[in-house]
2 protein chains.
Amino acid sequence: MSAVSTPAHTTLAIVGVGLLGGSVAAAARKHGLFSRIVGAGRNAPSLERARALGLIDAVVDLADAAAQADVLVLAVPVGAMAALFKTMAPLLRPDALVMDVGSTKADVVAAATENLGARIEQFVPAHPIAGSADSGPEAASADLFQGRTVIVTPLAHNAPQLHQRATQLWQALGARVVEMSPDNHDAVLASVSHLPHLLAFAYMAQVASASNARERLDLAGASFRDMTRIAASSPPMWRDIFLANRSAVRAEVQEFKAMLARIETLLEAGEGAALETFLHGASQARRLWNQSNP
Amino acid sequence: MSAVSTPAHTTLAIVGVGLLGGSVAAAARKHGLFSRIVGAGRNAPSLERARALGLIDAVVDLADAAAQADVLVLAVPVGAMAALFKTMAPLLRPDALVMDVGSTKADVVAAATENLGARIEQFVPAHPIAGSADSGPEAASADLFQGRTVIVTPLAHNAPQLHQRATQLWQALGARVVEMSPDNHDAVLASVSHLPHLLAFAYMAQVASASNARERLDLAGASFRDMTRIAASSPPMWRDIFLANRSAVRAEVQEFKAMLARIETLLEAGEGAALETFLHGASQARRLWNQSNP
């Protein structure tokens, strides 16, 4: 059975129907991939809104989600995964594909390994590089994954056809699929996603806690806006991500402080030419990146 | 004579017709504030393009710009101001208003004080909080200052009517005018503009210099894009700003490192609740700012 080619009588169950879970539902519906989409989770008002928005056909409890799903997507904070795996493991259908959309992978794989038992074969970890500072089912979009990258970190245990179904499903939702190991995923994402969020939170906290914060914020312009946009992101979600990936995040913070120290040394010494060379390297790299990622 | 109310037979001279200088020209023309707009500077091809774009009526040499101007706007890197002041001081008309648009103020005021002699009375320093990662006359816009803030740092020497003319001119270009001392300007801008640029340059350099830079950049998404947009800014311009305002910038870097240290401590100790509280404070502050600055 393929989730992509035979939609009749197949059920997609999503645990946590917020921005990402809701967007999986919306994209799956748009592309006609399942005959039924159900939602489960702890946030009853949010689930009800997701149903009212038409993202899901019904709200079910966790046990029913696990028992009914042909494909089960866990779209909850990474800190909440372990308990879900444990609850659902005995209930899963033996041919069900289980995926997450968490921002970290090594910890989710560890939680799955510890709690899914033999069902670990059915779990294909995934991370869509697609997000928004907005959250909740109202922010969901059927086009969120269109042209975006989804990193899949298949496990040695995965049955080949499940691995293939996972890839086909993400492609059917509009994404390109990249495969990596969980550890490499976490190291790379610490660099290109987790560190920028940490820097934005730290910088925003710095400005907001200054004695003349109001004067500063009143004169903040476009550069401030760009630098801090992601500081409005969900605090519990980012607490989980920073803690789950703390060793890679701390390594990136160390590297960043080394970069700051280089600039400080150049400033202190008034080394204008070397400073300009440093800035030029960064500026060129950003312009080149933008050309490849318009 | 008012630059605002009597446009007939008045000349606006702009030295450096790039993004900011070109936008002053475009906005002044749109609002009909001068009968003639001339441009001067070291970059002959750029001046010729500005003339071809209709931003200026003619390209003139520095001596003619100084001698003809009713209002003279210096829109050059802050490191280039001192030499300009020195060249132009003996040529300025006694009723001319001289302004700059530099991103730092204490150093520009010092350069003016040292090089303008008695003409210091005619110099009203200004800094429009309006910019773009783009540069050059092609990026100029008649609406760049519309609804934006221009910080004016009037000097004790300024004749009151010149000070008033400066304010009225910026208001006529669409801006709101805020007055500050040069030192306070530099401290506040170090926080809300210079530090974000420094962080963006440092972060971009870190990613680009990693041994697996290509893999990282290939997986970079929206948060990376926002965090690094301003790292594409002009290296010579930012070299000048960082050096000119280095003591305030270094103080902000120190504060930032203290914020990083707080987060590192929470990560190391696994203090989830305290980490979430920290992130929540930043997130709330950013959301509130956005409500006031949509």
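This is a predicted model: local features need pLDDT of at least 70, side-chain atom pairs count only at pLDDT 80 or more; totals for chains, interfaces and linings use all residues.
1. Chain A has an open sheet of five strands, and its pairing is parallel. Read across, the strand order is β3-β2-β1-β4-β5. The edge positions are taken by β3 (58-59) and β5 (97-100) of chain A; each has a single partner strand, so one side of each is left without a neighbour in the sheet.

2. A helix on the sheet. Helix α4 of chain A, residues 81-88, packs on this sheet. The strands touched by α4 are β1, β4 (71-74) and β5 of chain A. Between the direction of α4 and that of β4(A) the angle is about 155°.

3. One strand pair. Strand β1 of chain A (residues 11-15) runs parallel to strand β2 of chain A (residues 36-40), and five bridges join them. Within the sheet, A:Ile14 has A:Gly39 of β2(A) opposite.

4. A helix pair in chain B. Packed helices are described by the angle between their axes and by the distance between those axes. For helix α5 (residues 106-115) and helix α7 (residues 182-208) of chain B, the axes cross at roughly 145° and come within 8 Å. On the α5(B) side the contact is made by B:Ala106, B:Asp107 and B:Val109, and on the α7(B) side by B:Pro182, B:Asp183 and B:Asp186. By class, these residues are three nonpolar and three charged, with no polar one.

5. Extent of the interface. In the contact of the two chains, 84 residues of chain A meet 84 residues of chain B. About 7,800 Å² is buried between chain A and chain B, and 64% of that lies on carbon and sulfur atoms. The chain A residues that lose the most area to chain B are A:Leu219, A:Arg286 and A:Trp289, which together make up 10% of what that side buries.

6. A:Lys257 forms a salt bridge with B:Glu264, with 2.8 Å between the closest N and O atoms.

7. Composition of the chain A side. Elements of chain A that give two or more residues to the side touching chain B include β7 (149-152), α11 (246-269) and α12 (272-292). The most comes from α7(A), with 19 residues. Sorted by class, this side of chain A has 47 nonpolar, 19 polar and 18 charged residues.

Conventions. Residues are numbered from 1 along each chain as its sequence is written. Chains are lettered from A and ligands numbered from 1 in the order in which they are written. Side-chain values use heavy atoms; hydrogens and water are left out. Two strands pair if DSSP finds at least two bridges between them. Helices (H or I, at least four residues) and strands (E, at least two) are DSSP runs, numbered from the N terminus. Contact means heavy atoms within 4.5 Å. Axes are lines fitted to C-alpha atoms, for helices over the stretch in contact, and angles run from 0 to 180 degrees between N-to-C directions. Ala, Val, Leu, Ile, Met, Phe, Trp, Tyr, Cys and Pro count as nonpolar, Asp, Glu, Lys and Arg as charged, and the others, Gly among them, as polar. Buried area is the accessible area (1.4 Å probe) that two parts lose on being put together, summed over both. A salt bridge is a side-chain nitrogen of Lys or Arg within 4 Å of a carboxyl oxygen of Asp or Glu.
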